[in-house]
Amino acid sequence: MLRARGVTRKFGGLVAVNNVDFEIPRGSISAIIGPNGAGKTTFFNVIAGIYAPTEGTIELDGKPLISPPTGAGREPILLVLPTIPFIALAIYFLMAVGGDTGLVEGVASVAVALLGFVGALLLNIVRPDWYNRLIKRIGVTRPARPNDMVVAGLARTFQNIRLYKSLTTLENILVGMHVHLHGSLLGALFKTRLVREEEAAAEQRARELLAFVDLAGMENELAANLPYGKQRLLEIARAIASRPKLLLLDEPAAGMNPKETEEMTALIRRIRDELGITVLLIEHDMRVVMGISDYITVLDHGEKIAEGLPKAIRTNPKVIEAYLGRGAAAGH
Amino acid sequence: MSRIVDAVNAPFAPVRAYFRKHRSFGIFVGVVLLSVALPLLTRVPPFDGIQSTNAWVNAFTTAAIYAMLAMGLNVVIGFAGLLDLGYAAFFALGGYTYALAASPFSGIHLPFWPMLLAGGIVGAIFGVLLGAPTLRLRGDYLAIVTLGFGEIVPITLMNADKFTDGVNGIGGIDKPSIPGILQFTLINPWPMYGLVVVLFTLIMIMIYRLEDSRLGRTWDAIREDELAAESSGVNTVIAKLQAFAVGASIAGIVGVVNAAKITIVTPDQFRFAVSISALAAVVLGGMGNTIGVATGAFIIYLFQSILLKQLNTLVENFNIPILNQVDFLEFQYVLYGIVLVLMMLKRPQGIFPARRRMREFAPLKIGKGGLK
């Protein structure tokens, strides 16, 4: 369901990810492993839309979502072009009025030109779908942003937990459900029935999700006050609150004791089996990786050096070499 | 001690539970009670000796205007965490909108009530205009850009003298009226007081609703961790613009009211000091806590306009050498400075900390080796 083609990401001269082709089947649990600095997290960030790739594309469910940005030089034109008719209108208006422009005409024409500019600005910032298609014709494309990827059905957690620390656990989940709620600014101001019902339903679902990750009864606890292991669980719950098709987990078992690790493994399985979410994870703990992954991809120095079933990876000489050095691979 | 507090609070528990459920009504009741109590209070000593009730009511009106301004700024700073130092610009734009629409200078005399809305819309448009280029900026950089915007607006108003009459400003602005029933005047402060009380209530209710909505949560998320918010599917760009627009439209509306109250707008009324005073109110009251911020604004305004004035009279009466040469009213800016510095050092969460901010500002546990 997720397919990466020739993904390369450079930071200046450093090639963090080099020409990686990658595919994960629907309903699987896949893992990316590799030594420190292998480019795993960078690759994750490219998939999640945080870094634009230098080369390559990412497809989700056959939909091309991420590719390197093009036509950046033409973007200022996009700002100016739609404004021109408004400025022309303002000038025409002033000319029609004649030489002696009064206060009202002056203010009105400035207002018209300003409205045009703000409109163009908003269009460029909000970028509705039809506008994206329009600008694609003149060769301007932008890779999907992280929030676009969430809408497309991808959710993630972070290596160093990033919760909204001064919000309660329940509120954390509610933020995670953001893309499925539709309450608007005006709806909130007038507290329409629709908004109230939606909020109530969302809260109900958030409680269910908390129960799913075994955090029931902690709804009003501040996220920062949770112990480390529970913070990890909350972050995962927040990610699945957006009802993703694909869940990216960045080192979910890092810093956990064996018992917590076991629970985490069970949870990841349940996410796949009960919620039907495809899972892709980065992990250092080999017991976790070998225990739950259907497929494993190994990165080293930004390049893919192996992929396949856990059994094959375990005995792959290239992988052993990457982890332990050449000597170990040769059997000394 | 706490047992006494509990005992006193106990009978009020059902009342509090009721108002927690019906918050908008609670705000309404609270503001109405307060707006009746304040003028009554000025009739008893020592307040009655300071100035006439009408003067007091006038001061309360200005304080409430200032408090609404602070509540609007609190949306941008307290909720979304965007440090906006040019907030007075939107206040100015609202004021000039009404001044142009209802004064002898422009020769147009539109009614006041629709202009309230127009002021809000103008504020929102300029809010977006300021917000758009600053979306990628954070912290100090954002503060600098907004500071610049806050300077550009009054300077432009000063120099575009064909439209604004430059430094003289626009005077003789129409007072609001309810045709056939009530005409607001400069002498009678009560109608304006009533108007401000109603507006204050509405704005406070709206802000509280926003805070608890999906959008309010979005702002919290952005303030806490912008990257995580994006990864939760929040379109941070739009959410930030909405924060700017909401804050600016409140300032625009309040600007219209302010212009109608004092019937003159000049560029000098909207300098940096206004932004800073609103900021001082936000910091004093407690970032993110709407009622706290409004209270902070009241405290600062009444302190500077009543207490400092009293200090002047006091020093004059006792004829203390050197000190009687000093005009304490000039020292209001020192007051802002002292408030900002003291609060940041001693109580960064404000007098009335927002629930969500309490934890953020909890003291760091620093070991012997210092902060690591």
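Hi everyone. Let me start with one definition: two residues are in contact if their C-beta atoms, placed from the backbone, lie within 7 Å. With that in hand, here is chain A of this predicted model: among its contacts between residues at least 6 apart in sequence, 69% join residues at least 24 apart.

Let's stay with chain A for a moment. It has 15 helices and ten strands.

What about overall dimensions? Along the principal axes, the C-alpha atoms of chain A fill a box of roughly 95 × 50 × 30 Å. The radius of gyration of chain A is 25 Å, whereas a compact globule of 332 residues would have one near 20 Å. As for burial, 37% of the 332 residues of chain A count as buried.

Most residues other than glycine have a negative phi. Arg243(A) counts as partly exposed because it has 15 C-beta neighbours inside 10 Å.

Thr263(B), in the loop between helix 13 and strand 6 (264–265) of chain B, has a positive phi near 55°. Thr263(B) has 17 C-beta neighbours inside 10 Å, so it counts as partly exposed.

Now please look at helix 5 of chain B, residues 53–79. Is helix 5 of chain B mostly covered or uncovered? Mostly covered: 23 of its 27 residues are buried. At 1.5 Å a residue, helix 5 should span 39 Å, and its end C-alpha atoms are 36 Å apart, which agrees. Helix 5 of chain B also has a kink of about 35°, centred on Leu73(B). Just after this helix, Gly81(B) takes a positive phi of about 70°.

Finally, how do the two chains meet? In all, 37 residues of chain B are in contact with 37 residues of chain A. On the chain B side, helix 11 of chain B gives the largest share, seven residues. That side of chain B divides into 17 nonpolar, eight polar and twelve charged residues.

Terms used
Residues are numbered from 1 along each chain as its sequence is written. Chains are lettered from A and ligands numbered from 1 in the order in which they are written. This is a predicted model: local features need pLDDT of at least 70, side-chain atom pairs count only at pLDDT 80 or more; totals for chains, interfaces and linings use all residues. Helices (H or I, at least four residues) and strands (E, at least two) are DSSP runs, numbered from the N terminus. The expected span of a helix is 1.5 Å times one less than its number of residues. The bend at a residue is the angle between axes fitted to the seven residues ending there and the seven starting there. A residue is buried if 20 or more other C-beta atoms lie within 10 Å of its own, exposed if 12 or fewer, and partly exposed in between; C-beta atoms are placed from the backbone. Ala, Val, Leu, Ile, Met, Phe, Trp, Tyr, Cys and Pro count as nonpolar, Asp, Glu, Lys and Arg as charged, and the others, Gly among them, as polar. The radius of gyration is taken over C-alpha atoms; the globule rule is 2.2 Å times the number of residues to the power 0.38.
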